[in-house]
Structure formats: structure tokens, C-alpha cells
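Hello,

Please find the structure below. My notes on charged side chains follow it.

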Amino acid sequence: MQISVTVNGRVYESDVEPRTLLIYYIREHLRLTGAHVGCDTTSCGACTVLLNGKAVKSCTVLAVQANGQEIMTVEGLERDGELHPLQKAFWEEHGLQCGYCTPGMIMTACELLERNPFPTEEEVRKGISGNVCRCTGYVNIIKAIQSAGHMIAQQDKEPKNQSEVVPSGN
Amino acid sequence: MAINQTELRPMGKSIHRKEDPRFIRGQGKYLDDIVLPNMLYMSIVRSPYAHAKIKSINTEAAKQVPGVKLIITGEDLAKMNLAWMPTMNGDVQMVLATNKVLFQYQEVVAVVAETRGAAVDAAQLVEVEYEALPVIVDPFRALQPDAPVLRDDREKKSNHIWHWEAGDQESTEEIFKNAPVVVSQDVRFQRVHPSPLEPCGCIADYKKGTGRLTWYVTSQAPHAHRTILAMISGLPEHKIQVISPDVGGGFGNKVPVYPGYVCALVASIQLGIPVKWVETRTENIASTGFARDYHMTSEIAADENGKVLALRVKTIADHGAFDAAADPTKFPAGLFSIVTGSYDFKQAFVEVDGVYTNKAPGGVAYRCSFRVTEAAYLIERTMDILARKLGMDPAELRLLNFIRKDQFPYQSPTGWTYDSGDYEKTFRLALEKIGYHELRKEQAEKRARGELMGIGISTFTEIVGAGPSHSFDIMGIKMFDSAEIRVHPTGKVIARLGVRHQGQGHETTFAQIIGEELGLTADDVLIEEGDTDTAPYGLGTYASRSTPTAGGAAALCARRIRDKARKIAAHLLEVGDEDISWNGESFEVKGTPSRKVTMGEVALAAYTNVPEGMEPGLEATYYYDPPNLTFPHGAYIAVVDIDKGTGVVKVRRFLAVDDCGNVINPMIVEGQIHGGLTEGFAIAFMQDIPFDEDGNCLAPNWMDYLVPTSLDTPNWETDRTITPSPHHPIGAKGVGESPNVGSPAAFVNAVVDALEPFGVEHIDMPIFPWKVWEILRQNGVAE
């Protein structure tokens, strides 16, 4: 089946089997391998992407259902060489270890902060409860998401070219 | 707050991780991200029966599926002598079943096709005719004389695998005979599963032209896997390159060689095309290495004042259908004999019997440090039972019996030499920080009002860093580990290690060790692991051994480089070697500190201006055979409240004070603790893999086998004391598994403590609400 999907602002025209899951379309057709597969029962959320701005588990959506829709994956977060505040905050707060849940976790957090820029700890816990992490015990993920909320608010206040201090490294 | 990677003297600092920039961008490279030209996909047909004869296998319909390239059965493998493979515990394991299956979800047929979908379609069309056989799921039943023998391939015609023991039986019995106080408790540590978020998988890529196999695999021990693969496949070892790419969590699940790996390998060799196999979550839980499943009886002999005298432990270990527990060769029950814990017992006797049942193989996994989880849980549980019997506060009982600081190095009655510890200091910090005495007061007041509050303690000793070559080997290979460090002309470094991280932050922490030793920043040092063509041989990452073994190797290797660098520095500064001292950041002339050269300057000279007769370049290799294991310890305290209407246990507070000696990166250690406590919490309250009487696995997915979400997980409080390991080059001990080893006992002790008014002495994990509710109901308090 022919589909047309906008992913991270770019339009892709693809021929997919109707049964192809969105996660495999993104990973194998588009070679965007940030989103991961961690389960087979829609439990883990490692495959989470934004579909028209809503966080969805892309293992439980068919690629054909995304026809004509807009998708954002973790690869689409960085803008003009600048990390998204959530990416910075996960780095700074040690919100990841093996990194396998990270792309899905960050995308869920994206939608959460869109709805609720300054979530309480309880609100973050509830907001990311569809995303399983096996490494961090969540504590630092919660800190990172709250910190990102404040970074975004700060950014919105400041002139555009003012950049945050990012940890150095590769 | 973390700091950046470009500071000098990086040891001990919470440096931001070097691996994060790729992971937060979705640029990690995990197994299933790798796509090779013409790559095929493999799917496995699994047994629906726990125990059955295979009467026939019909693959005709499967072959008709478009895109199917190869179907492999056990008979096909038998012709290559590959239907069975050796395991790390000295047993053999079926790769694909030939005449019978021994557990549900066992591998029966492998199907290789051009797409993922075609492979799954074809696998569903394979017809296997079974004849059901009697099933054994209870290990005690397995040992009865009339029990059907599951493993008819073995000479020994029983389900008993082995008997293992440690300690002095006679003296222990003697003490028990005369002891004024004896407590005894049966304790089961239930079967659980490590369930890393990324399941297991591999790509086998055999090229006929070069005769070389490149094997990408989710591996915690790529070098060991290369050697095992060479042994079982007959391919020469230099023609096998094992690459363990980014690994999405291991937790012990990715140590063994699994049947799927061997099938993919055979398929690629036959077809000359890369073959990818990635298991599903269900396959991961139902067929790969489980953890625990120890049925233990613990007895403590003590005097009237609560001084412990002797410990006696008898255990039945359910190993499933094949004994594939990932243990060092001489330790079929791992390091379970650490079970005397943090206490000064005069004598102990520990025995374990391994038993076959119709279940998936495994046993050693999930932050267990080779069965230390079971050992720590058992002793910490039994100490509480002893405290109850004596009417003592469990904290007082522990303080009375701790091995004292001045007793280290301490010889345990089962043969271990504990390196160092200050148990009282660590425990007192925990008691003070959580406000133990106030909590007991609060508890008394609540009890008077009929409310249920419990306080649980676990003061455990770990044993990690296997291990010294005199005792420790994996299939004959001594359990050293290694580092190879190469300094470039501009003073930047590439270093490779024989371990393989799965999220533990080695790319950062090993750069800190090496940076510290060489006067560089962590950013100056690139760490690589996991490619057996390039990294020095090591035994891999599991059992919290990376810091004890490869961490030692990295420091000593860097010092080897510094020794050579000193000579070059002397040459540059035109003084004798003996006149040069190292100030932590540069070499200086003794007495004239203004005359100095940095490692960067020395590195350039190593390629441009070495002293006459010296070999150019600046690099070294070090294979470190540790003199002993490291024995980190901790004091954990849990505070729980129980809802009388539902039996739901709420963890109000949990404090973990860990002592892993010198800390390389506090931020990373804290992350390890958070993760491990979350696992311990899940084990205590949520996780179990039960089987029905027909051997059906009742929790083969994440709908039934529960992994904690952010809503389930308590908020963790942490602290530390520092008691360095005297034998380790940088005084560091392992720590990754301590939180899983130490925490289950604290949770269970807290719940039992809360239920003390009802005479509850023990509850087996997992403590589901219905178990607590049943106790409350029986006592007429369930609301």
C-alpha cells in the first residue's frame, strides 16, 4: 500500500504491507532507529513517537494508519545543532543508562511538557507510566523532565541566540 | 549536579556521561539497528509442551512461503554434531530438539526467510506432532525415587544434577546440638527474570570468500562467546569476530550462548548470507536465563544473649531442563557460601542440590553476583527471625554480631577472605539518617491505634569481582580482565577493555580512571569495548566484576605507561629518572616544580624524540589477575505502611547506604543503586514466573510478569561510607549488584515486621497484596 507520511518535517512516500507496524516502518523503511522495540504487549513504550503531537506506542499503530499524518521521533528533536531541553536535561541529570528506553521516554515527556510545563513529581510519574525503564529506577528521569520544563520556560523568555551551557564531549 | 568531562583529576567526580550524546539523539547502535546487505531474518518454532516426544516435524507448508530460504531442524543440526551444545555449568543443552522437548517454549525448528514477516509466517506453518510425557515442575517431586527421569541423555538416571557443599559439617552439627537457641525457616527465593528492555539477538555474517564469521550479538562477554563459538562451530578463533554493539541492558541475561545464536550461525554458514535473529519479549522471558528459584532451609544457632554461633543451610536449586547456570567452573551454586553475611559465625555448613525440572534453563542472572542475592536474602531474613525469637530489636542483634572493623581481612567459616568493611559505621549512619528510634516510637503508637507499619533492615555483604585465577574460571578460562591503552602523539588516548558494559557507564568511568592516572581529562580518553578483533581478551561484564577486574587493569596499565613516560620526561627535562616526580598532572623535577612536562608533551616526544635505544610510541597492555574478590557492603532500611482494606504495601521510605570503597563517579554509582533497588522492589512485590502442573509458563510476557513503572517505584534515598578495598589498585569495589542483593530482605523484613502483631514469621516473595490481605482476613482485621 502506498502511504505518504511526514516524519520530522520531511515527507516520505512509501510502499508498505498493510500489516507493517509503524515502529518497523520508522526503523526499517526510514532507518530512523532511535525508537526501539522492548516488548510484544504494548507494555514498555520504548517505541513511543509523536503522532500529530500525541505520544503513541508505534508498535501498536499500523504504518498505513499514519498515512497523511505527521510523526516526530527523537531524531527530529535537535534544532540547528542545538539539543532539545529534554535531551540536555536527560544528559545533565543522568536520566539514562543503557539508553534503550530513552528515545521513547523523551518523546512521552515531550507531550507531557506540552500539556503541563511544570509537572509535579507525581504528575511526571503518572505521565511516564506507560514507559518502562529497567536501569534508572526513574528518579533521575523525573528530575530531568522537571528540569527540562524549567529550561523550556527559560528559553521562551530569552532571546533566540542565547544558548544553554551544554556538557562538553563528543 | 554533574560536571563536565574536561576537568583534570576526574576520579571521584560526577562527570556527565560520554555515551549519552548518541543515546539522547537516537544514535545508539543496538543489535536490531544493524542492517547488512541481503540480510535474512530467522524465526524460531517453539514447543507448546513442557515435556513431550517429538513424533514428526513437517516443514512442507512452511517451505512454500515466498522468501523462505532455509529451515533447520534438530536432525539437521545433529548431522553437524550441533543439536546439543555445552553450557557454562558443565552440562549440555539442546540447540534444537531432536527426539523430545523438555520445557515449554523450547526451540524446535528455525526458519530463515527474506523478511521478518515471511520468517514468522513460515514458522507458523511448521507442523510438529508431539506425544505428551509426564511433567515435573516441583523440584522436590523431581527428587522422589519414582519421579520420571527427564534427562535420559545422561548416564546418571535421576533428576539430581549435583550436590555441593561448603563449611565444616561436623563442627556445625556439634554447635547446633548444644546451642541454647535455634531458629529455622524455609524460605523460597522465587523464579524471576532479568528482562532487559532490549531482548537478545544476533546477526551471523559468514563470508565464504574470507572464511570469516562476523557475529554481532547482545553479549555481556564477547570474548568468551568467541571462544565458545570456536569450540562448538569448529571455526578457527581468529576467523571469528564477535561484536557486541550498544546493549540495551543485560542484567545477566546476556551472558549465556542461546540456541537462537547457534541456529543463526549455522544458517549464515550454510547460506553465505547474513542472518538476523531477534527474539520477542515473550521468547526472552520464557526461554532465556531466568534468575533465583532457590528453595532454602536456614537455621541459626545462637546463645541466649543473641550472639550467633553457627549457620546451617540446605537448598534445593531448580535449574530447569538443562544446567546452563552461568557460573565459574568450580562453583555450581555460585558464591552462595557467602551466606554467613556480615556476621561473625564460628561455624557454618551450606549445601545445595541442583535439580532438573521441565522449565527453561538459567539460574544465575539479574544482579545476583553468582547467587549472592539468595545468600544475602536468606541470612538477612533469618537474622530477623532470630531477633524475633529472642525478643531483640533486629538492629541491636545485627550490631551485636557484625564482623568488627579490626577483624578484616576476615576469614569466613565457609572460606572467604573479606577484604575490608566497617559495618557498624555504615549501619549507624543509616539508623541515624532514617531516624530509626523515632520510627520505632511511631510504629508503637500506630500499633496501639491498630495501624500497620513496618521497618525492615538489611545489612548485607556482597562478594564481587570474580576472580582470582586459583579458583575462578569460565569453561577453563581464568577470570582475569584486561586493558590496552594507546596514547596518540597529541596526547589523546584510545583505550580498550575486556569487559562489555550494558549501560553501566564504562565509557565514562574507565576514562576517569585512565585520565586520573595519566594526568588527562576524561574527555581525552576514548573507551571502546565489545569488538573481539580490537579489544584485549577479557571475561566480560557481569557479577559487578568490571571495576574490580578491568578497573584494576586500567589503572595498572596506565601506570605502566606512566613508567615509560617518566623516562621520556627525564630525557626531555635532561635529568635522571630518579629526579622526576609525578604530581598528578605532570612530571616535575624534584625540588624544581617549575620545570615540568605534561603527559601531552611526553606523548609527542614518544613519537618524535625518544631517548636513544627506547622503543617509540606510548602504549601498554595489562591483564589483571585479581588477588581476591572485593566485598562491598551496605545498610538498607525500608519503612512500609500496609492498607488494611486491600493488603497493599506502600513503601513510605527506603534508604540505601552503600560502601563500595573509593568511588569513581558518584552520579553513576547512584544511578546503579536506583536501578538495582527498583529491581529488588519488583522482586519483593511484583515478580514471579509460576508454572501450572502441565508445565505451562504462566508469566511469559509483560502483561503477567510485571516490571515496575514510575508509578510503582518508590523514591530512593541514598548515602555512602567509604571503606576502600586494600588489595585493589584504586581501592574501588564493585557495586552494580549490591542494591538488588541487599534490598529484597529489607522489603520483606519490613512487611513481616508490620504483621508481627499477627504472629507472622515469614512470607515468601513476591508479596502480592492478596497474600497480605489473606493474612489480615485470617486475623479478622481486613476492612
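Does Lys69(B) count as buried, partly exposed or exposed, and at what relative accessibility? Lys69(B) counts as partly exposed, at 42% relative accessibility. Please keep in mind that this is a predicted model.

The side chain of Lys69(B) forms a salt bridge with that of Glu114(B), at 3.3 Å from N to O. Lys69(B) belongs to strand E3 of chain B and Glu114(B) to the loop between E7 and helix H4 (116-125) of chain B, so the pair ties together parts 45 residues apart in sequence. Glu114(B) is also partly exposed, at 41% relative accessibility. Strand E3 (residues 68-73) of chain B is itself mostly covered, with 5 of its 6 residues buried. E3(B) pairs with strand E7 (residues 107-113) of chain B in the antiparallel sense, over 5 bridges; Thr73(B) has Val109(B) as its bridge partner in E7(B).

Two further salt bridges in chain B:

- Arg191(B) and Asp293(B) have their closest N and O atoms 2.8 Å apart. Arg191(B) is buried at 2% relative accessibility, and Asp293(B) is buried at 0%.
- Arg440(B) and Asp753(B) have their closest N and O atoms 3.0 Å apart. Arg440(B) lies in helix H13 (residues 436-448) and Asp753(B) in helix H18 (residues 738-754) of chain B, so the pair ties together parts 313 residues apart in sequence. Both residues are buried.

Arg154(B), in contrast, is buried yet has no salt bridge; the nearest side chain of opposite charge, Asp91(B), is 4.9 Å away. Arg154(B) sits in the loop between helix H5 (139-142) and strand E9 (160-167) of chain B.

Over all chains, the structure holds 64 salt bridges.

Regards

Definitions and conventions: Residues are numbered from 1 along each chain as its sequence is written. Chains are lettered from A and ligands numbered from 1 in the order in which they are written. This is a predicted model: local features need pLDDT of at least 70, side-chain atom pairs count only at pLDDT 80 or more; totals for chains, interfaces and linings use all residues. Side-chain values use heavy atoms; hydrogens and water are left out. Helices (H or I, at least four residues) and strands (E, at least two) are DSSP runs, numbered from the N terminus. Buried means under 20% relative accessible area, exposed over 50%, partly exposed in between (1.4 Å probe, protein chains only). Lys and Arg count as positive and Asp and Glu as negative; His and the chain ends are not counted. A salt bridge is a side-chain nitrogen of Lys or Arg within 4 Å of a carboxyl oxygen of Asp or Glu. Two strands pair if DSSP finds at least two bridges between them.
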